[in-house]
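The report below describes one structure for computational work. Please view the sequence and coordinates alongside the text.

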Amino acid sequence: MFFQQSALLVLGIHTTIEQPEQAWGKVMQFHLEGFKTGDPMVLDPSESARTCPQADSLPEQVDVLIVGCGPAGLTLAAQLAAFPDISTRIIEQKDGPLQLGQADGVACRTMEMFEAFGFSERLMKEAYWVNEVTFWKPDGAQPDNIVRSGRVQDTEDGLSEFPHVILNQARVHDFYLEAMRNSPNRLVPDYSRSLLDVEVDRSRADYPVTVRVGRIDAQHQGQEEVVRARYVVGCDGARSVVRKSIGRQLRGDSANQAWGVMDILAVTDFPDIRLKAAIHSASDGNVLIIPREGGYLVRLYVEMDKLSDNERVASKNITVDHLIAAAQRVFHPYTLDVKEVAWWSVYEIGQRICDHYDDVADDARASPGVLDSQPRVFIAGDACHTHSPKAGQGMNFSMQDTFNLGWKLASVLRGQAKPELLHSYSQERQTVAQELIDFDRKWAKMFSDRPTEGGGEGGVDPKEFEHYFVKQGRFTAGTETHYQPSLICGDRRHQHLAEGFTIGKRFHSAPVVRLADARPMQLGHIARADGRWRMYAFAGAGDSAGTHSAVRALCEFLSDSPDSPLKRLTQQGQDIDSVFDLRAIFQPSHRDLSLEALPALLLPRKGRYGLTDYEKVFCANLKNGQDIFDLRSVDRTQGCLVIVRPDQYVAQVLPLEAHQALADFFAGFMLPQH
Ligand SMILES: Cc1cc2nc3c(=O)[nH]c(=O)nc-3n(C[C@H](O)[C@H](O)[C@H](O)COP(=O)(O)OP(=O)(O)OC[C@H]3O[C@@H](n4cnc5c(N)ncnc54)[C@H](O)[C@@H]3O)c2cc1C
């Protein structure tokens with residue numbers, strides 16, 4: 001983000017400010033199993049959490065052991081804690097939760113995920129919103145001074161209903177810890193425990209991974225615990241012990257750039273102190289300003305010296321006074337009087353990545369169906385990729401890794417999916433991280449190249465640069481992640497039926513009106529982090545669920561056919577939407593559609609009383625040009641079925657009548673339940 005100013009000026013990119021579409025609040029359902037008082041976010045404890053609360057010592061056996069309470073580990077823990085039938089523990093070498101510091105940028109895509117965990121609104125309230133970015137450069141007349149050279153909108157209009165926000169990483173952790181405490185498993189981290197090593201014995205089918213953990217608090221110093229796990233996930237950061245245990249290596253550019261970062265309370269006459277701002281001085285380096293939550297705090301990233309090969313930043317003896325002095329020089333002629341430093345750090349980081357994110361031997365990878373080749377140990381987040389701070393992706397990408405892995409582990413552990421599904425974690429996440437790194441490298445080079453018409457030697461064509469600028473915004477917003485066709489991502493044969501729901505990309509939410517209570521809301525916000533698949537049936541023209549309706553025919557197939565995934569893949573006795581959550585969206589206004597004419601599957605009876613779920617059907621929001629069919633280019637004549645994975649990525653787009661193709665898609669990786 002540092003060097004955008006000159007290129008932006010050349011291109012004359014100036015956009016208007018428009019607030020993100022309103023996020024219409026949390027969508028919650030409760031009282032299904034009987035009336036309950038109190039906070040509905042606190043879920044009923046599971047039987048085991050009620051009868052034997054989490055003990056201080058680690059159990060001998062556990063389904064999943066997570067190592068590390070950073071953003072990657074906590075996302076996975078919060079996801080798995082939602083399943084009462086899965087035993088999960090998360091260990092952390094620190095003695096308690098993170099208090100301050102580290103990353104602070106939360107991308108739009110990450111906010112969409114937080115919505116599924118139920119805390120996006122609270123985070124939005126507390127966070128700083130990045131609406132605009134300004135650029136400062138040396139004053140042509142007096143190069144020792146800086147002047148403002150540009151001002152742009154931060155996030156492209158319509159990219160997400162959520163803003164790009166800034167909040168202390170520690171607060172993000174707090175929200176996850178609360179979600180874990182309130183989950184059926186009442187999961188809390190086991191602090192002051194350091195992972196020593198991990199061993200996999202593939203001859204054991206039940207708990208093949210053995211983990212040694214050292215206790216490091218004063219009372220238990222020197223004690224060791226041994227845990228046997230079905231799966232271990234190393235979210236233990238850039239110096240991951242799990243990564244070393246499975247013989248994987250980070251490869252790529254060495255960490256040869258030192259960065260200083262400080263969170264400060266300061267008095268200044270610099271006018272853009274409450275805007276994200278990139279300042280490029282003539283000869284004193286660069287500063288990136290990130291205003292922080294609360295209205296007063298501000299973060300300054302100060303680019304320090306390049307490190308020579310094998311030089312570590314620690315050897316430079318950089319102090320906070322050096323950082324302040326460097327920032328003051330860059331700010332000239334403006335003053336910066338630092339009153340308090342809340343946190344500061346100097347760190348070095350390179351663009352490095354592992355070839356694979358699991359413990360599968362390279363020769364076994366060719367036979368994914370063989371039990372011996374199933375992954376048992378995974379790595380996620382900084383343990384398997386590190387990025388330059390310019391990409392601002394460390395925390396965001398790490399959380400998306402484990403959101404991708406969590407539902408897959410849960411499906412396999414619960415006997416819903418074949419273990420081969422687990423191969424897709426490394427395949428999908430390693431590929432997109434590599435793309436991000438390649439992109440970031442090219443982007444950085446374009447910044448330093450001269451803008452010239454048609455490109456040419458050492459130059460960059462402004463048109464190509466403009467294209468890259470837009471793409472870069474999408475990368476950093478997290479919306480550019482695109483998974484390739486696989487068992488769980490269909491081909492593009494029917495993509496034309498809904499061009500705005502790109503197969504392999506995240507489901508891009510849009511406004512709708514709920515039929516039963518006329519509530520305007522975001523369709524994507526019905527998706528909870530609950531491991532369920534979503535099927536969105538978009539009705540074609542004239543389809544109001546009557547006799548010849550394609551939506552009705554789909555419902556009848558799903559309710560009655562022996563090939564129906566709902567019937568084959570949902571356990572007897574469970575609610576009909578416990579694995580597949582079918583929703584329908586109709587084109588007419590909600591006032592012109594009859595609830596009483598809907599097929600029974602769209603008004604399912606659930607829970608111990610057989611209560612009716614009235615929240616399955618929506619209509620286009622016809623106010624203010626917000627029609628979802630137009631916004632997402634859904635074929636109005638035919639309609640279509642959009643299948644969305646538990647991690648909110650579009651898995652397939654099919655014609656509403658393609659019943660067999662729907663059945664075949666799920667038969668490819670899921671297991672019949674009876
Ligand atoms: C000091 C520091 C400053 C940073 N500053 C910035 C910044 O200013 N801006 C920015 O964008 N990004 C910053 N980052 C990067 C960003 O915080 C990471 O990209 C992000 O946190 C990655 O999340 P993660 O969960 O993969 O790993 P981490 O957040 O590193 O979490 C790993 C966790 O595992 C624990 N752990 C490690 N080894 C073991 C073990 N053997 N046993 C048990 N627990 C273990 C660690 O204590 C840690 O809590 C910083 C990172 C660090 C470490």
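## Backbone, ligand site and packing

Arginine 186 counts as partly exposed, at 26% relative accessibility (buried means under 20% relative accessible area, exposed over 50%, and partly exposed in between, with a 1.4 Å probe and protein chains only). Its phi is near 50 degrees, a positive value in a residue other than glycine. Arginine 186 is placed in the loop between helix 6 (169-181) and strand 8; helices (H or I, at least four residues) and strands (E, at least two) are DSSP runs, numbered from the N terminus.

The model is predicted: local features require a pLDDT of at least 70 and side-chain atom pairs count only at pLDDT 80 or more, whereas totals for chains, interfaces and linings use all residues. Residues are numbered from 1 along each chain as its sequence is written, and side-chain values use heavy atoms, with hydrogens and water left out.

The mean pLDDT (the predictor's confidence in each residue, from 0 to 100) is 89 for the protein, and 89% of the residues score at least 70. Residues 1-25 have a pLDDT below 50, and this stretch has 78 contacts in the model beyond near neighbours in sequence (contact means heavy atoms within 4.5 Å). Where pLDDT is low, the predicted coordinates should not be read in detail.

The protein contains 15 helices and 30 strands. It has 674 residues, of which 57% count as buried. Among contacts between residues at least 6 apart in sequence, 73% join residues at least 24 apart. The accessible surface is about 27,600 Å², and carbon and sulfur atoms account for 50% of it (Shrake-Rupley method, 1.4 Å probe; for residues, only the protein chains shown count as cover).

**Ligand site.** The ligand is surrounded by 29 residues, and the closest are Ala72, Glu92, Leu195, Tyr301 and Asp382 (a residue is near a molecule if one of its heavy atoms lies within 4 Å of it).

| Residue | Protein atom | Ligand atom | Distance |
|---|---|---|---|
| Glutamine 93 | backbone N or O | nitrogen | 3.2 Å |
| Glutamine 169 | polar side-chain atom | oxygen | 3.0 Å |
| Arginine 299 | side-chain N or O | oxygen | 3.0 Å |

On its own the ligand has 970 Å² of accessible area, and the protein covers 84% of this. Two or more shell residues come from each of helix 3 (71-80), strand 8 (193-200), strand 15 (298-306), strand 16 (336-348) and helix 9 (394-413). By class, the shell comprises 13 nonpolar, 10 polar and six charged residues.

**Glutamate 293.** This residue lies in the loop between strand 14 (286-291) and strand 15. Is glutamate 293 buried or exposed? With a relative accessible area of 14%, glutamate 293 is buried. Its side chain makes a polar contact of 2.9 Å with the side chain of arginine 292 (a pair of N or O atoms within 3.5 Å; within protein, one must be able to donate a hydrogen and the other to accept it, and residues adjacent in sequence count only if both atoms are side-chain atoms). The side chain of glutamate 293 also reaches the backbone nitrogen of asparagine 168, at 3.2 Å. Neighbours within four places in sequence aside, glutamate 293 is in contact with Glu126, Ala127, Tyr128, Ile166, Leu167 and Asn168.

**Other backbone features.** Histidine 31 has a positive phi, near 75 degrees, in a residue other than glycine. Histidine 31 lies in the loop between helix 1 (4-11) and helix 2 (47-51), and its relative accessibility of 32% makes it partly exposed. The peptide bond from histidine 332 to proline 333 is cis, with omega near 15 degrees; proline 333 belongs to the loop between helix 8 (320-331) and strand 16.

**Helix packing.** In helix 4 (residues 108-117), 10 of the 10 residues are buried, so this helix is largely enclosed by the rest of the structure. Among the buried residues are Arg109, Glu112 and Glu115, as well as Met111, Phe114 and Phe117. Glycine 118, with a positive phi near 90 degrees, follows helix 4.

Helix 12 (residues 550-560) has Ala550, Val551, Arg552, Leu554, Cys555, Phe557 and Leu558 buried. An α-helix has 3.6 residues a turn, so residues three or four places apart point the same way. The buried residues of helix 12 pack against strand 24 (533-538), helix 13 (565-569), strand 25 (580-586), strand 29 (640-644) and helix 15 (659-667). Its N-terminal end is capped by serine 549, whose side-chain oxygen lies 3.1 Å from the backbone nitrogen of valine 551.

Terms used
Ala, Val, Leu, Ile, Met, Phe, Trp, Tyr, Cys and Pro count as nonpolar, Asp, Glu, Lys and Arg as charged, and the others, Gly among them, as polar.
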